[in-house]
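Subject: Structure handover

Hello,

Here is the structure for you to take over. Notes on what was found in it follow below.

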Amino acid sequence: MEFSTLIKERRSVRAYREAEITHEELLGIVKDATMAPSWKNMQASRCYVVESPEKVAAFREGALPGYNQNSTEKASAYIVTTFVRDTVGFADGKPQTELGNGWGTYDLGLHDAYLVLAARNAGFDTLIMGLRNVDFIRETLSIPEEETIVSVIAVGKRALDPPLRPRKELEKTVKFF
Ligand SMILES: Cc1cc2nc3c(=O)[nH]c(=O)nc-3n(C[C@H](O)[C@H](O)[C@H](O)COP(=O)(O)O)c2cc1C
């Protein structure tokens with residue numbers, strides 16, 4: 001798909017229809033996400049993919065608050081994204097800048113941006129969710145303590161086309177010098 005079309009068509013989708021996603025399709029999406037840039041190419045972003053139908057249903061119920069459960073009721077899979085703490089932006093165990101682990105979150109955000117665009121390019125839709133139950137997720141997916149859990153991303157096929165949510169005018173967000 002042409003890039004400008006791709007970025008315009010991507011939406012946060014909150015209504016999914018029953019649809020299968022294959023292991024290969026999920027593999028393609030997470031692989032594309034690894035093409036994102038990262039601090040010193042450290043690639044500290046991690047994905048935990050919940051793909052089997054029974055696990056998807058149980059995960060939805062335990063990992064998400066009601067609002068996000070409803071929005072992703074028929075989503076085909078969930079991808080939890082994390083990063084390995086105290087590595088990105090660190091040297092000899094010390095933060096290199098005032099942002100500390102902010103750089104790990106930054107790298108993961110880039111990774112996740114690639115991931116949601118890759119999903120759209122493969123014909124799927126996504127919802128990034130910051131509202132999630134971290135304790136349940138860590139225990140269920142055996143995520144090590146040294147990783148910070150950031151987002152849960154639902155993947156599936158849209159049941160309807162959501163309208164584009166308004167963007168601020170560039171004059172309010174960008175300054176040229
Ligand atoms: C870090 C992050 C966390 C988000 N958390 C949620 C969430 O918990 N539930 C939800 O419905 N949408 C969530 N969203 C989706 C945003 O509301 C959405 O991206 C924004 O309204 C713009 O709409 P669009 O993605 O369709 O362009 C989140 C998005 C981001 C980037």
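This is a predicted model: local features need pLDDT of at least 70, side-chain atom pairs count only at pLDDT 80 or more; totals for chains, interfaces and linings use all residues.

Two loop residues with positive phi

Asn-41 has 6 C-beta neighbours inside 10 Å and therefore counts as exposed. Asn-41 sits in the loop between helix H2 (23-33) and strand E2 (45-50). The phi angle of Asn-41 is near 55°, a positive value in a residue other than glycine.

Asp-86 also has a positive phi, near 60°, and is not a glycine either. The loop that holds Asp-86 runs between strand E3 (77-84) and strand E4 (90-91). Asp-86 counts as partly exposed, because 15 C-beta neighbours lie inside 10 Å.

Helix H3

Val-56, Phe-59, Arg-60 and Ala-63 are the buried residues to look at in H3. These residues lie on the same side of H3, because they cover an arc of only 100° around the axis. As background, an α-helix has 3.6 residues a turn, so residues three or four places apart point the same way. On the face of H3 turned away from the buried side are the exposed residues Glu-54, Ala-57 and Glu-61. The cover over the buried residues of H3 includes E2, H4, E3, helix H6 (134-140) and E7.

Nonpolar core

The largest nonpolar core has 36 residues, of which Ala-77, Tyr-78, Leu-115, Ile-153 and Val-155 touch the most other members. Two or more residues of this core come from each of H2, helix H3 (53-63), E3, helix H5 (102-121), E6 and strand E7 (147-158). H5 gives the most, with seven residues. Leaving aside residues up to four places away in sequence, Ile-153 touches Tyr-78, Ile-79, Thr-81, Asp-112, Leu-115, Val-116, Thr-126, Leu-127 and Ile-128.

Ligand shell

Which residues surround the ligand? They are Arg-11, Ser-12, Arg-14, Asn-68, Ser-71, Leu-127, Ile-128, Met-129, Gly-130, Leu-131 and Arg-165. By type, the shell around the ligand divides into four nonpolar, four polar and three charged residues. Helix H4 (66-71) and strand E6 (125-129) supply at least two residues each to this shell. E6 gives the most to the shell, with three residues.

Regards

Conventions:
Residues are numbered from 1 along each chain as its sequence is written. A residue is near a molecule or strand if its C-beta atom, placed from the backbone, lies within 6 Å of it. Helices (H or I, at least four residues) and strands (E, at least two) are DSSP runs, numbered from the N terminus. Ala, Val, Leu, Ile, Met, Phe, Trp, Tyr, Cys and Pro count as nonpolar, Asp, Glu, Lys and Arg as charged, and the others, Gly among them, as polar. A residue is buried if 20 or more other C-beta atoms lie within 10 Å of its own, exposed if 12 or fewer, and partly exposed in between; C-beta atoms are placed from the backbone. A nonpolar core is a set of buried Ala, Val, Leu, Ile, Met, Phe, Trp, Tyr and Cys residues joined through C-beta atoms within 7 Å. Two residues are in contact if their C-beta atoms, placed from the backbone, lie within 7 Å. The arc is that of the directions from the helix axis to the C-beta atoms.
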